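Colleague: Can you walk me through the helix packing and the sheets in this one? I'd like the criteria along with the answers.

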Amino acid sequence: MSSEIEQSEAQFNSAAQSPGRRGILFVVSAPSGGGKGTLIQRVLNKVPDLSYSVSYTTRAPRNGEVDGREYFFITPDTFEQMVAADEFLEWAHVHSKRYGTSRRQVSREISEGRDIILEVDVQGAASVRELIPDSVSVFIVPPSFEVLRQRLRARGTDSLEELDLRLRNAPRELEHYSAFQYLIINDDADRAASELRAIIQAERARLSRQESEIKKIVNAFTASEIDSNSN
Ligand code: 5GP
């Protein structure tokens, strides 16, 4: 990327740093194997002031996954206790396991003005849209069922049974596409990552999200107009 483009990206992103600003919640969903993990990682590496919500799950860690990084891996009993204590912003059964988003992490990031990405299934995305209407939802789809199958196989981390379950659930997950605001067809990892970055930048630039900033600027303009008239 040229330094000129990087510079303009930094200018866009400076919108995310104004004091008093509420963080934006980005909800990203895709069928398992849609490539969203890699995509989100690339975007997190490039976009400043953006964090990632680490979910809780009852599924076992895959090879290479670290507790507290990809997920907090917990027992069904602990999950149950967290549900009872209302610790999840949303939770759902996905591929016969349970997954939940930490209410505390999300509200801390948002109230401290940091944007946060939630990677959840289509049920989780529907719950978050309802709870936080100004959240931004992005659906990522593989270009075809065959590509999804190949990606899941190549990942080599799921048992045959899990792979089969994920492939069987994919068509139903895809049917939810129309509930999302943005769609990314993930046929090329670089292009898909730059589209997700563009969505984040565009949302940061929305006037409604910069209300307090623009008021300060307009007030300063008005004050200098009064000053120059009185001179
Ligand atoms: P995986 O086991 O392949 O990491 O994830 C399986 C599915 O669970 C994916 O569709 C993923 O987006 C979803 N998922 C991950 N974390 C959460 C969460 O906190 N809530 C919900 N509802 N779904 C989640």
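Colleague: How do the axes of helix α6 and helix α7 cross?

Modeller: The axes of helix α6 (residues 145–155) and helix α7 (residues 160–174) come within 11 Å and cross at roughly 160°. That makes α6 roughly antiparallel to α7, a label used for angles over 145 degrees. Axes are lines fitted to C-alpha atoms, for helices over the stretch in contact, and angles run from 0 to 180 degrees between N-to-C directions. Helices are DSSP runs of H or I with at least four residues, and strands are runs of E with at least two.

Colleague: Is this model predicted or what, and which cut-offs apply?

Modeller: It is a predicted model: local features need pLDDT of at least 70, side-chain atom pairs count only at pLDDT 80 or more, and totals for chains, interfaces and linings use all residues. Residues are numbered from 1 along each chain as its sequence is written, and side-chain values use heavy atoms, with hydrogens and water left out.

Colleague: Back to the pair. Which residues make the contact of α6 with α7?

Modeller: From α6 they are F145, L148, R149, L152, R153 and R155, and from α7 they are L163, R166, L167 and A170; contact means heavy atoms within 4.5 Å. The residues of this contact divide into six nonpolar, no polar and four charged. Ala, Val, Leu, Ile, Met, Phe, Trp, Tyr, Cys and Pro count as nonpolar, Asp, Glu, Lys and Arg as charged, and the others, Gly among them, as polar.

Colleague: Sheets next. What is the order in the open sheet of five strands?

Modeller: The order is β2-β7-β1-β8-β9, with parallel pairing; two strands pair if DSSP finds at least two bridges between them. β2 (50–52) and β9 (182–185) are the edge strands, each pairing on one side only. β1 (residues 25–29) and β8 (residues 136–141) are joined over four bridges, and F139 in β8 is the bridge partner of S29.

Colleague: What does helix α4 touch on that sheet?

Modeller: Helix α4 (residues 103–111) packs on the sheet, touching β1, β2 and β7, and its direction makes about 155° with that of β7. Helix α5 (residues 122–131) also packs there, touching β1, β7 and β8.

Colleague: And the four strands, in what order?

Modeller: They form an open sheet in the order β4-β3-β6-β5, with mixed pairing. β4 (71–73) and β5 (88–94) are at the edges with a single partner strand each, so one side of each has no neighbour in the sheet. β5 runs antiparallel to β6 (residues 97–102), with six bridges between them.

Definitions and conventions:
Parallel < 35°, antiparallel > 145°, perpendicular 65-115°, else oblique.
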